[in-house]
Every structure is written in C-alpha cells, then in structure tokens.
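Please look at the sequence and the 3D structure below.

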Amino acid sequence: MQNPHPGLPEIEYIKPASLEEASKFLAAHAGEARPFLGGTDTFVRLRDGAWKDKYLVDVKGLDGTAQVSFDPEKGLTIGAGVAMNRVEAMPEVREHYPLLAEAIRTVASYQLRNRATIVGNICNASPAGDTIGACMLYGGVLKVFGADGVREEPLDTFFKGPGKTNLKPGDIALSLTLPLPPRGHVGRYIKVARNKLGDLAIVGVSVLAYPDATLASGYRFLIALASVAPVPLRVPAAEKVLAEKTIDEATIAEAAQIAMDSCSPIDDVRGSAQYRKLMVRNMTRRALTEVWQKLTQAA
Amino acid sequence: MAILGQSVQRVDALGKVTGKTLYPGDLNFPNQVYMKVYFARRPHARIVSIDTSAAEQHPGVLAVFTAKDVPVNEYGLGIFDQPVLCGPGSSKPYADRVRFVGDQVALVVAETEEIATHARDLIKVVYEDLPVVDDPLEAMQENATLLHPDRGSNILTKYRIRKGDVEKAFSTADVIVEGEYITPVQEHVFLQPEAGVGLIDEEGRVTVYVAGQWAHKDQEQIAHALGLPLEQVRVIYPAIGGAFGGREDMSVQIILALAAWRLHQRGIDRPVKIVWSREESIIGHHKRHPYRIRTRWGATKEGKIVAAEVELIADSGAYAYTSPKVLGNATLMCTGPYEIPNVKVDSYAVYTNNIPNGAFRGFGGPQAAFAAEMQVNKLAEKLGMDPVELRMRNILREGSVLSVGTPIPKGVSIEKVLAECALKAGWQKTEMGWKAPDIQSIDPKYPHLRRGIGIACAFKNVGFSFGAPEQCWATVELIGKAEIETVRVYHAGADCGQGAHTVFAQIAAETLGVPMEKIELIVSDTATTLNSGSASASRMTFMAGNAIKGAAELALENWNNEERPAKGTYQYRPPKTTPYDPETGKSEPNFAYGYVAEAAEVLVDTETGQIEVNRFVCADDVGKAVNPQQVIGQIEGAVVQALGYTLMENFIQKDAVPLTTTLSTYLIPTILDIPEKVESIVVEQPDPIGPYGARGMGEMPYMAVAPAVCTAVKMATGVWIDEFPLTPERILDALGELEEEGEA
C-alpha cells in the first residue's frame, strides 16, 4: 500500500503576467507544469503523489478569467477562475440555468465551492464531475487560449478519458459559455452517493428537456450520466426514443433501460458496476419522470 | 444548592469555543524536533534488513531509530505480544516480523517534519513476505500460518458458558430460530489524529504529552519498553480530541518516549513532536472487532425463551490489544438482557494479519446485542407475538440469574427502560399485552418508499469485568481559613470530550456544598495524580464519582478537625468480580450495569437502497444524570455513531490491506445523514452503589441501534438482513434487485 503520509512535495508557484507568458511556460514545461485554478483537486493529488508536477501556473485573473456575465442574447459566460458559489448565487443563473445551480449545490461542501471552479471541474475531466453534465446539456463551449491563439471547444467532443481532454500542453481554458437555453426548459440532477454531503457521485444523472414542436413526441430530452464510463456520457439512443415516441411511463422506462445498457461503469470502494448500472436505470427513470411531470404541469 | 443534576457550564467550554485549549498537536516547545514513522505497509513479512544510512546522512536528520534501539521491545494491554518497532536486532524473539500494515519499523527525527518525511522515504527495508492470513476461520485451522509462532495457535482466547441442558431444552421448544450474523469493522474517526510531544522534564523524567484514556497505564507500558522505573516516566494528557476506545492502546506514546530518551542519552535534549495524518491514524490504531456469530434460540409458544446456543468468532487482527476482554463482554451479552435457563456459548478471538481490533464504545456488546436482539425479534415474528411482549416475558429482573450462573447485581431496570422506550415509540400496553404501533409499510403515493419500525434493548457493564483489578484514586484538598475558599481536586481521569472533568467538579462541589467556581482541577498528569483506571467501560462517572466523593468526605472531616489545608485521599474499590470458569463460565462478571432500549423508524427507498432514519427513540437508565445536558449529548453522539456503524461505515480490507484509509473513502455520517432529532428518555433509577445513584452511560445508547434499525428495515421490506452496514447495495441485493439485473 502507498505511504500513509506522502506529504506535499515542493512545488514552484508561477504567476505569469499574461496569457502568452503562461502558455509559453506551460508548453516549455510539458508534463511538469499545469494550470492552477481553485486547486481543490490539484493539491490533494499532488499530496497523494498521483500528480508529480513541479510547477503550478496560476491563471486566475488573466484576461477575463475572473469575470462571469450574463447576456440575454449570448447567454452565460463563466470565467475559468470564478468559484462555483459565485456562479450559483447569480439570480440569472438560478433563473435561466437552474440545472447548473442544482448541480453545483451537490458538489462537495459549501466551503470547498468557495474555491472550486466550473471550468476546473470540466478540465479535471473526472467522469464523476457533478457540473459537467449540466454544462454539456446546456450546450457549453470552452474558450481555450493556446499556441495557435484562441479556439472553441464544444464540451460534447472535449473529453477523451478519465483526466484526459483535448487540451494540449500550453493550452489554457479561459471561460465557458452556455448559450441561452430554450424556452420552457426543465432540468433535474440526481446524484446517488454514499452520504448527503461531500461524497463523489456513485452515479449522477442530468436531464434537460424542453418543448420542441418539430419532434414527434413534442419534446426534446437530453441526458448526461456521471461516474459510469471513462468520460461524462451522453445517451443519444435514449434521447432519440424520447424524441420519437409518445412520452409515457413505458417510453421513459425504455429510455432508462437504454441509458443503463449504454454505460460501462467500474467497481470501486463506493459501489459495484452492477449497482451503478441499476442506479442509472432507476435514477434516469426518476429524473425523466420528474422532468416530464414539470413539463406537463407547465403546459 | 444541588449542583448535581444541573446542566452547569462545562469546565472546558470557554477554552474550547475560543480556541485557547491546546490539544496534543497544538503543543510547541522551544527547540523542538519532528518525528515520522516508517510503517510496514505490508501485512505479513519478515524483515531481512533495514538500511537507514541514507536517511541518517540526510541533512537535518538527528537520528533514526529501529528495533535494536528499543530496550524491551514489546508492549500490550495485558499481553505483551507487539514489538514497539519491528525488525532485526530486537531484544525479543519474532520481533523481526511485521504482522499488519500499521506495524512500526523505524523512526526518523529531524529538524522539520518535511525533512523527516523525506528521510523516512530514504529508508530501505528488505522484506521476506510470509503467507497472509486474513480470515479468522482460516486462521483457526490446524495447519494455518501462525501469526505468533511462539504461541502455538492463532486462537488468542476462548471462553465457554454451560448453563442447564441446551439440547434437552430445544426438544421442548415450540419454535427455534437459527441465525448467522456478521458485524463489520469500524474506525473510531476521533476528531484529533494521534499526536504528542516527548521530552525530558525538569526533574529528568521521560515525559510524554499525549491524548490517551489511562495515563498510568500508558506510563506503565512506556516504562516497561524503555526498561525504566515507573517514576522516571511521566504522562500528561492535554485536551483530548475524542477517543471512543481508540486511544486505549499505545500509538505514539512509547515512540515519543523512546526518541526523547535516546536523544537525551546522546546528549541532545530537544522535545520531539509528532502529528499523525488521518491516513496514518487510520492504519496506525485498532478498530472495532468484526464478529461472526452463529446462534440458535428456542422458545415455547407461551413466549418463554428456553435455550440459547451461541458461537462467536472475533477477528483480533495482528495483536491482542483488548481482544480477550472484548470477547469476555460479548460472551456474556450474546444472550441479551434475558433470563434464559439453558445457555451454551463458545467464543473465540483469533489472530489474523488484519489491522488489530480492540476497544470501541460498547466493547463487544454491540456485536453480541445485534445477534441477540435479532434473534428475539425473529422469535417474536415466528411466535406471532409482539416483540416487546416477548421481551417482557423473559427480561432480567431483580434477582435474575445470568447465563454465568450468578444473580445480576441489584438495581435492575431494563423492564422500566424498555417500557418507556416502547410507549414513546408508539407501543401500547393493553390487557392483551404489548401492541406495536400500526405503521403502513407502503404509501400508495410513493410505492418505492417503504416504512418500518424496530425495537431492541440491551445491558452493558459499568467498570472492569471478570476479575480485572478495579479501583480509582482521588485527592481533594480544601484551602481557606474560616471557610473553604478553594477546593483542589487531584484526579488522573481522562476527559476525552465526554465531559468527565465537569462531572468531577460537580461531584466535588455537591459533596462539599461549595459552588462550582471554588473547584480547581489538577488532572491527568501521572506526576501529580494517582491511578484512576481508564476512561472506558462507561466507568469514569461511577468510579471517579465514588472516589472524589470519598476523598471530599475525608477532606471535610479533616477540615472540621481544624486541619488547614485539609486533605483527603481516597481509593474507591467496588465489589469484586471473578473470571469465567474455563469449563462452565461460572463467574461474577460485573458489579454494576446500565440499561438501554431503542426504537427506530426507517424509510427505505427500494429504487436506490438508501435508508433514512426518520425517528429514533432511546431510553437509557443513567441512575442519576449528574449533568443532564452531557447525558443527552452522550446519547445523541452514541446513536449517531451507531447509525454510521449500522448504515454507512464500510471499512474494506483486501488481503489484509485496507482500501479505505481516507475520509473520502471511509465515510461517516454528516449532519445531513442523521435523524433531525434523537428522542432521548433519561431514566433515573439509582444504582445502589453508584455515586449519588449514578450509573455509567457513555456506551449504552450505542448498544441496540443496529438491531433496532435492521428490524425496522425488515418490517419495511419484508427481508431480514443479518449483516451490516446496510449499504444501499446490500439492501438491493437482499431485495433481489441486483441479481435480477445480473441475469438481464
């Protein structure tokens, strides 16, 4: 077994003056330097010896990373350094992106959310990330500064594996933009964990739905799953069923079953793969049912 | 003025809430150095060699100590079977072996903690791995690998009870219930991980500041390992951040003393400080014993329990710790607080390479009570009789004869306690007998949610059992001229956070008729106080209370005889107890008991397997609530800790290697995971020999939680689950949900 008190290794803290400087440093020290936002995962991993970086490059405060803004046309833009609690407390977020607010409230503890960031949660690329599902379903796009300038990374194609993303050495995520959600949308995040405060998700189910007259069912349903695959998982096959068939108990059950069949969870100390699969089915069904009830109440 | 029975402000309240109180890890001395431990981190191996040269040469390192530096390389609470440091060159045979992951191999002392940590990682240990024994049943086999070859067997302790004729009685029983119960390991998770400072005091004594539960026993064990006379060792307890039994055995005590002493011998007089991380704490101290209990009970259709047969197997882990005593308790309590004419018990504590198991609130009682109370509830179901009614027909009363063939000491109140709990929980006493509340298990609006209620009760000894020497000293000094101005109470007893010191002051004030403000406490220092025994076995209020009352009365007598200052020193010795007869178990096990009954209402989500405890009732006879607020605090704390044990806490060891060594993998209940309110019923039926009638009570509310909850879950779901923690997965598995999915 590993050393019970690894201790935090010596790390050099770098505070660059510009994005260019930060990017250059990160590229020049690939494999031993990483961008640093809230640090809530970073310090734990460094202390445990899981990460061996020598440099932490503090990118908070560089060119817009400290701002969060809402524009009725363009939507919500969350700077990389903005703490989760600040996002959750915004009236515009609670009004227009309630699923994100709900997901944020399930992350660790209030104290930790004073430091943790949404963009950090995304770049960390843990399959268990609670806010990632909501950001994906809202159509989130990351703005990334890299060697070739600024580019956009849609979240749907951003994740490659646990801890692995499209980001390359020298890349710095600047902000996340969530476009204005469709009218009448309803969301729900159900997190199954071993306790009610602080645990990681054994399974997380995000559902977002809104009326869409172009679809046979009259509604568009979006589903994202946490902790059941190497990456945060969308379930297009289940979404398709919900777009094409009349929404009722049987359709919801069918979609939930598809969600279960499409995931590939692992066993760990928090739960077995078998339990996770069952939870995907039961909680997808529960989330879809609750969302459906709200949609029909509104209509 | 009646200070007794008042929720007076705790003597430690102001210091703790303002942050002024110093715990062992907060202590800093000028010129101090820091120590890190090299832990074995493998479950079973012989150490071939240790190379400390790189660590010793590392700049900033003062010393590296190994087995060859320990004068008498053994320790233990009763059985000296554990090396202080494992490795070659030891003064004791087989001390070159590591037997669990937390065995200590080397100590590094350095100028800073960082240097010590770094140098610790430069130590090279060559191991020769030995076969790992992680299952007590395997360990009991004849050909099993021996943990302690000099002992000839992995069976550390066994007891037996033979009362009446069990087989004959079973043949007269109308119903028989058989069960096999498995209880889990539990980690204490006290707030303050092990820490302390070792130094040579102004009188040349090897002195250790540490959090423990019995200062004089720590002193004894340190002196033994260092080969020093007792008076050359001093142990001081600053504030203690929780204990729950987890500080009964040595952790950092001996190594702090060893380091300070060896440095001193090299002409270096610098205090040595150590603070364990949570991960070090989790592998470094013992856990609650897991038990496998196979049992068979028989009753007549009139509801008379006629026979109980029990086999208990406890995993002791790598060393004895308090296993023999914990097993002794479980052996007595596995037949519950009932008078059963025919009893047969065989019990075993067995060495394995798992983390040692030892003292933890309840001390074997909760495991035994789980089996006993589940059996009674199953018998009630099978008889079609209310579970409270069945209990009332068999419960211990004044004069009842225990399974060990002797009458229970006077002051038996379990009948009253059970009745109060049952009434509060919704039971009714009718002409037809006790009747359970009508709870609908299914709510048609939410068909996936199921509701149930369960009840259980238990008894637990107060004080040391089975012939263990039991005593407690106190000294009270009265200072003043015409009237008493100051009262000095000298007492070694540990305040682990339970509020013992406040109780000490209250009992002194009450006995002397002076206000609390006049009491000055001189506590928990072997240089100024006499042996109090441990803060365990729910004994501190009872034992210290009697000792302080006795000392205060003596001092008052001397005061009235014009002695100034007037001093009284008193040793309280309770009635003698006797050990189990090896063949029949006949004994006088205890001098006092506390009694508890508990009821739980649960809501089970059959889609997730998650359980909510909506309501919890606990009735506990405390004899006399010296400080009612503290009593309620103990009840609520014990219930919450036991709910964690029952529902959530899942300590996983694979091949004797723990997988849950952090608080993110080993979870305990948070504020959101516990019932909104624990309904505490404080019963006060005086103990005939308790101070002002007080009984011990710190463990009792822990005792019957698991069986109450498991029975409530049975009522909710229709399934008996005989193993906990009741993780959601275990619930769904019991409901057949996981199986179904496996096939799909």
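Across the interface of chain A and chain B, the rule finds 16 residue pairs in polar contact, counting pairs with both residues at pLDDT 80 or more. A polar contact is a pair of N or O atoms within 3.5 Å; within protein, one must be able to donate a hydrogen and the other to accept it, and residues adjacent in sequence count only if both atoms are side-chain atoms. On the side of chain A that touches chain B, helix α11 (residues 273-298) of chain A gives the most, with nine residues. That side of chain A divides into twelve nonpolar, eight polar and seven charged residues. Here Ala, Val, Leu, Ile, Met, Phe, Trp, Tyr, Cys and Pro count as nonpolar, Asp, Glu, Lys and Arg as charged, and the others, Gly among them, as polar.

This is a predicted model, in which local features need pLDDT of at least 70 and side-chain atom pairs count only at pLDDT 80 or more, while totals for chains, interfaces and linings use all residues; side-chain values use heavy atoms, with hydrogens and water left out. Residues are numbered from 1 along each chain as its sequence is written, and chains are lettered from A and ligands numbered from 1 in the order in which they are written. Helices (H or I, at least four residues) and strands (E, at least two) are DSSP runs, numbered from the N terminus.

In the interface, 27 residues of chain A are in contact (heavy atoms within 4.5 Å) with 39 residues of chain B. The two chains bury about 2800 Å² between them, 53% of it on carbon and sulfur atoms. Buried area is the accessible area (1.4 Å probe) that two parts lose on being put together, summed over both.

Next come the salt bridges. A salt bridge is a side-chain nitrogen of Lys or Arg within 4 Å of a carboxyl oxygen of Asp or Glu. In one salt bridge, the side chains of Glu612(B) and Lys196(A) meet at 3.4 Å, N to O. This pair crosses between chains, from strand β27 of chain B, which holds Glu612(B), to the loop between β11 (186-192) and β12 (203-211) of chain A, which holds Lys196(A).

Within chain B, Lys36(B) forms a salt bridge with Glu113(B), the closest N and O atoms being 3.9 Å apart. Lys36(B) is in strand β1 (residues 33-39) and Glu113(B) in helix α3 (residues 113-120), 77 residues apart. Is Lys36(B) buried or exposed? Lys36(B) counts as buried, at 1% relative accessibility, whereas Glu113(B) is partly exposed, at 25%. Buried means under 20% relative accessible area, exposed over 50%, and partly exposed in between (1.4 Å probe, protein chains only).

Lys378(B) and Asp722(B) also meet in a salt bridge, at 3.0 Å, N to O. Lys378(B) lies in helix α10 (residues 365-383) and Asp722(B) in the loop between α17 (705-717) and α18 (728-734), so the pair ties together parts of chain B that are 344 residues apart in sequence. Asp201(B), Glu203(B), Arg205(B), Arg234(B) and Asp525(B) are linked in a network of salt bridges.

Finally, helix α12 (residues 414-425) of chain B has twelve residues and reaches 16 Å from its first C-alpha to its last, close to the 16 Å expected at 1.5 Å a residue. The expected span is 1.5 Å times one less than the number of residues. Buried residues of α12(B) include Ile414(B), Val417(B) and Leu418(B). The helix's buried residues pack against several elements of chain B, among them α11 (387-392) and β27 (611-621). Gly426(B), with a positive phi near 115°, follows α12(B).
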